[in-house]
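Please look at the chain as a whole before following any single part of it.

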Amino acid sequence: TSSPPHDQFNSKYGGKRGVSLCFVILSYLSSIMTAENESKSKPPQQEGTDSSSKPTQTDNPNDPNDPKPDENDVDADVDEDGDDEVDETTAAEGGEEGAATAAKKKKRRKKKKKKKKKTTTNADGTTTTTSTTPTQKPHGRMLNEEYFTDYYVKHGQTNPPTIPISTLFADGEFPQGEETPHPTPKQTSDTESESVTYRTTPAEKRASDRMQSDIYSKLRHAAEVHRQVRSYAQSFIKPGIKLADMCERLENKNRELIGEDGLKRGIGFPTGCSINHVAAHYTPNPGDDTVLQYDDVMKVDFGCQIDGRIIDSAWTVSFNPVYDPLLEAVKEATNTGISEAGIDVRLCDIGEAIQEVMESYEVEIGGKVFPVKCIRNLNGHSIGPYQIHAGKSVPIVKGGDTTKMEEDEMYAIETFGTTGRGYIVEDLECSHYMKNFHAPHVPLRLPRAKKLLNHVSKTFGTLAFCRRWLERPDGGSTTINGTGGTGKQEKYMGALKNLCDVGIIQPYPPLCDVKGSYTAQYEHTIMLRPTCKEIVSRGDDY
């Protein structure tokens with residue numbers, strides 16, 4: 001506070017005669033000290049205080065006698081922007097304008113709250129959650145320990161995934177698969193064995209790699225769709241689910257994330273969900289009410305395609321730890337086949353390495369020990385545009401073809417293990433069909449056969465399809481046939497048999513080992529690039 005004016009001093013002390021000068025000085029000093037004590041003891045001006053009141057003395061932040069706020073006080077207001085100035089001081093120094101500034105600052109002073117997940121309720125009653133931290137673990141066994149089924153949220157995807165992959169990666173830079181160098185093939189000539197060692201260095205090899213960038217981008221796009229769809233499936237596949245419902249959910253999510261557009265992009269082939277002794281090519285037909293059980297061993301195999309570039313990948317679902325050695329044997333055998341594959345590698349050498357790993361395992365079921373065997377008449381295969389089986393087969397036992405892998409080829413490296421006899425036969429009701437890639441021109445007499453062939457050609461081309469898709473309201477493609485029900489095929493079984501009989505369409509019945517046995521499968525798609533080998537479908541799960 002300021003000292004008393006000079007005229008007040010005279011009126012109070014100057015009129016008293018006989019008072020010594022010392023008394024006057026002491027009284028004056030006493031009044032100053034009293035005023036200062038009153039100023040310090042006065043509470044700070046609060047919000048809403050009349051601006052006409054006397055301003056108080058500004059606190060000195062360096063004063064050691066000044067009380068400091070408790071740092072552990074949870075009720076203490078802290079400015080989120082790091083501004084710890086005192087609002088009361090601002091209000092005191094600036095009058096009404098200072099009080100307004102202090103009020104604005106106080107509104108900004110709010111406690112920080114934890115970020116909550118944003119949950120949206122969809123039209124069908126399901127909920128979609130937006131988060132950035134994966135938290136969900138799969139129900140099945142033998143997937144990588146650090147894997148989360150909602151891994152895709154780190155890319156900005158919702159949970160469950162609803163954003164098309166092309167929108168999620170709008171810049172066109174899709175995640176790359178695992179890149180490994182080509183192995184040195186087993187050769188009889190020393191000069192030939194040096195053919196792989198220089199592939200990453202010459203400029204012409206790198207230039208050839210860049211020329212294929214458009215194809216690589218399409219494959220990586222389809223591979224990321226496959227990863228997110230299978231991760232979504234792993235979150236709900238558990239005992240008690242109806243296989244038909246499981247396939248419908250998986251395939252609808254596949255269409256959604258890939259942005260189904262007829263033959264340009266969509267599902268590569270029907271979802272296989274072969275159980276126990278059935279090794280491959282089983283999917284529920286209309287009316288099939290099979291339910292997944294705790295003790296079942298199910299192979300989930302599905303594909304995605306963009307402009308005919310197909311991603312083919314599969315894994316095995318089990319819930320009982322008894323079957324872990326079987327799954328581990330097949331997974332390790334598949335990884336061995338992938339590591340052995342490469343440019344100029346003979347196919348028979350890959351099969352020999354796979355068999356050595358696979359048959360080193362055994363599994364105990366019901367007190368009886370079973371050796372794990374390779375299913376010797378099931379193979380991996382090369383993949384071409386709109387052609388899931390492009391001609392070359394990758395055996396999983398020794399003694400196969402000596403044909404070599406070549407540059408720029410694509411392969412599905414898959415292995416099958418079994419506790420049975422190690423040999424499969426066609427059995428059960430057929431559900432998979434595919435138009436032959438080199439279908440002959442055969443005159444058809446049945447009008448229904450002509451109609452069905454026309455539908456298959458424009459909707460699926462030479463890609464595989466199943467009976468469930470023919471009975472959908474869109475006939476297998478909303479883009480081509482719409483949703484009005486005109487694409488649905490009725491009374492088509494006779495026409496389908498006729499097309500199979502004349503060789504235009506090839507049926508693929510389920511492939512089965514002996515009843516009571518258990519089979520497992522793991523599969524990845526690889527690209528033999530000029531400079532390296534890319535396991536394009538590799539994910540955090542397997």
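Phe236 touches His139, Ile241, Met246, Arg249 and Leu250, leaving aside residues up to four places away in sequence, where touching, or contact, means heavy atoms within 4.5 Å. Phe236 belongs to helix H7 (residues 213-236); helices (H or I, at least four residues) and strands (E, at least two) are DSSP runs, numbered from the N terminus. With a relative accessible area of 7%, Phe236 is buried, a word that here means under 20% relative accessible area, while exposed means over 50% and partly exposed lies in between (1.4 Å probe, protein chains only). Between Phe236 and Arg249 there are 9.6 Å in space, C-alpha to C-alpha, and the two are 13 residues apart in sequence.

The model is a predicted one, in which local features need pLDDT of at least 70 and side-chain atom pairs count only at pLDDT 80 or more, whereas totals for chains, interfaces and linings use all residues. Residues are numbered from 1 along each chain as its sequence is written, and side-chain values use heavy atoms, with hydrogens and water left out.

Seen as a whole, the chain holds 14 helices and 20 strands, and 45% of its 542 residues count as buried. Among contacts between residues at least 6 apart in sequence, 72% join residues at least 24 apart. The accessible surface of the chain comes to about 28,100 Å², and 50% of this belongs to carbon and sulfur atoms; such areas come from the Shrake-Rupley method with a 1.4 Å probe, and for residues only the protein chains shown count as cover.

Asn254 is found in helix H8 (residues 243-258), and Asn254 counts as buried because its relative accessibility is 1%. Not counting residues up to four places away in sequence, Asn254 touches Val225, Val229, Ile267, Phe302, Gly303 and Cys304. Phe302, Gly303 and Cys304 are among the residues of strand E6 (residues 297-306), a strand in which ten of ten residues are buried. In a regular strand the side chains alternate between the two faces of the sheet. In E6, Val297, Lys299, Asp301, Gly303 and Gln305 point one way and Met298, Val300, Phe302, Cys304 and Ile306 the other way, and all are buried.

Which strands pair with E6? Strand E4 runs antiparallel to E6 and is joined to it by eight bridges, and strand E7 (residues 309-318) pairs with E6 in the antiparallel sense over ten bridges; two strands are said to pair if DSSP finds at least two bridges between them. Met298 in E6 stands opposite Ile275, and its bridge partner in E7 is Val317. E6 and E7 form a hairpin with two residues between them, and Asp307 in the turn has a positive phi of about 55°.

Strand E4 (residues 265-275) also takes part in a pocket, for it gives the most to the lining of the second largest pocket, with five residues. On a 1 Å grid over the protein atoms alone, a pocket is an open set of points with protein on both sides within 12 Å along at least five of seven lines, and lining residues have an atom within 4 Å of a point. The volume of the second largest pocket is about 630 Å³, a volume being the space filled by probe spheres set on the points, which are joined across faces, edges and corners. Of the 42 residues that line this pocket, the closest to its centre are His281, His381, His389, Glu414 and Tyr508. His381 stands opposite Ala412 in strand E13 (residues 410-418), and three bridges join E13 to strand E11, the two running antiparallel.

Helix H14 (residues 493-501) shows two sides: Ala495, Leu496, Leu499 and Cys500 are buried. These residues lie on the same side of H14 because they cover an arc of only 140° around the axis, the arc being that of the directions from the helix axis to the C-beta atoms. On the other side of H14, Lys497 and Asp501 are exposed. The cover over the buried residues of H14 includes strand E15 (432-435), helix H11 (447-459), strand E16 (464-466) and strand E17 (505-508). After H14 comes Gly503, whose phi is positive, near 90°.

Definitions and conventions
On a 1 Å grid over the protein atoms alone, a cavity is a set of points where a 1.4 Å probe fits but cannot get out, and a pocket is an open set with protein on both sides within 12 Å along at least five of seven lines; lining residues have an atom within 4 Å of a point.
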